[in-house]
Amino acid sequence: RFQTEGENKVFPETGGARAVLKILEEELRKNDVKVFFNSRVGELLVKQGKVHAVKLGDGKIIPCDSVILATGGITYPSTGSSGDGQKLAEKAGHEITQLIPALAPLCAEQPFVASLEGLSMENIVIRINKSNGKKTIAGPGDIMFTKKGISGPLVLSLSGDVNGLLEKGESVYLELDLYPALSKEELDRALTEEAKKTAGKNMDNVLNKFLPKRLSSTIMFIAGIAEDKKINQLTRDERQRLSSIIKGLRLDIVKDRSPDNAMITRGGVSIKEINPRTMESRKVRGLYFAGEIMDIDADTGGFNLQAAFSTGDLAGSCAAV
């Protein structure tokens, strides 16, 4: 059984992917599908522009009239999704667009993120700053700090674009608006009012009204202000510095060298070379594609699974004719 959440995102009621796997396994048994375990495909054998056999890594040849490549991207290599399918397609004459980890956490240079690991925040706005000076604003959405950076639904949705920029050699930094309910000027005035009302209180206690305690301590540290400093002792420059950091906490994003942390892959077999009505290759007759091996990707919430299921169903139906 499944449940639909915000923005029409569909998830198993169990909250785990094993429920989906169980359905697929049941369908394999129901249709008497023969599965070759631990059998790496070494080559697609093509003759006169048509696939006629698959050659396994051990040299065994399996004759066939059609082949569906559905090997996924480069994420989760332990499952066999290691990019081999793209190599097979490339050898058969297909263009492979750049493979980039997507729906992934982002790593930051700043060491302070480790102290915030596990902290979740709602309705955060993120500004993506590119090396050419252009900015993209995303959110509001939910984020979570990790040991090396940030994750969460909003970050996962941005990660493909951000990783794409990093792959091109561009520098990228994010600015997290940690309190989007107020503008920078309004936040500064709010802090001023708090100074009048709670003159004898320490700054960390005052900031806790706006931010989680752990984050308040980090913000104070970044601003170079002692946590036990009284709010009425705060200078105008210090107050404005705090407002600036809260409204734009900077994270310099660096490449995550391991694709294992990504949910999906952006890039793959160029869809220009695939017939969308049949999923058959426009270059090799009898060769079909399904799922993430192609240059298609979507947001979280079952959309990538739906793309895999739909293209798989179409490819299977057409290949069987």
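A single aromatic pair is found in this predicted model, where rings of Phe, Tyr and Trp (its six-membered ring) count as a pair if their centres lie within 6.5 Å. The partners are tyrosine 179 and phenylalanine 210, with ring centres 5.6 Å apart and planes at 75°, so the pair is edge-to-face; that label applies to planes over 60 degrees apart, while planes under 30 degrees apart are stacked and the rest are tilted. Tyrosine 179 lies in the loop between strand S12 (172-177) and helix H4 (184-197), and phenylalanine 210 in the loop between helix H5 (203-207) and helix H6 (213-223), so the pair ties together parts that are 31 residues apart in sequence. Helices (H or I, at least four residues) and strands (E, at least two) are DSSP runs, numbered from the N terminus. Tyrosine 179 is partly exposed, at 23% relative accessibility, whereas phenylalanine 210 is buried at 15%. Here buried means under 20% relative accessible area, exposed over 50%, and partly exposed in between (1.4 Å probe, protein chains only).

Residues are numbered from 1 along each chain as its sequence is written, and side-chain values use heavy atoms, with hydrogens and water left out. As this is a predicted model, local features need pLDDT of at least 70 and side-chain atom pairs count only at pLDDT 80 or more, while totals for chains, interfaces and linings use all residues.

Next come the nonpolar cores, sets of buried Ala, Val, Leu, Ile, Met, Phe, Trp, Tyr and Cys residues joined through side-chain atoms within 4.5 Å. The largest has 46 residues, of which Ile126, Leu176 and Ile219 touch the most other members. Helix H3 (residues 153-167) gives the most to this core, with 6 residues. Apart from it lies another core, of 19 residues, including Leu56 and Met294. Not counting residues up to four places away in sequence, leucine 176 has contacts (heavy atoms within 4.5 Å) that include Ile126, Phe145 and Leu249.

Strands S3, S4 and S5 form an open sheet of 3 strands in the order S3-S4-S5, with antiparallel pairing. Strand S3 (41-47) and strand S5 (61-63) stand at the edges with a single partner strand each, so one side of each is left without a neighbour in the sheet. In general, strands of a sheet pair through backbone hydrogen bonds, either parallel or antiparallel. Two strands pair if DSSP finds at least two bridges between them. S3 and strand S4 (residues 50-56) pair over 6 bridges; lysine 47 stands opposite lysine 50, and glutamate 43 has lysine 55 as its bridge partner. Their hairpin has 2 residues between the strands, and glutamine 48 takes a positive phi near 55° there. S4 and S5 pair over 3 bridges, with proline 63 as the bridge partner of alanine 53. In this second hairpin, with 4 residues between the strands, glycine 59 takes a positive phi near 95°.
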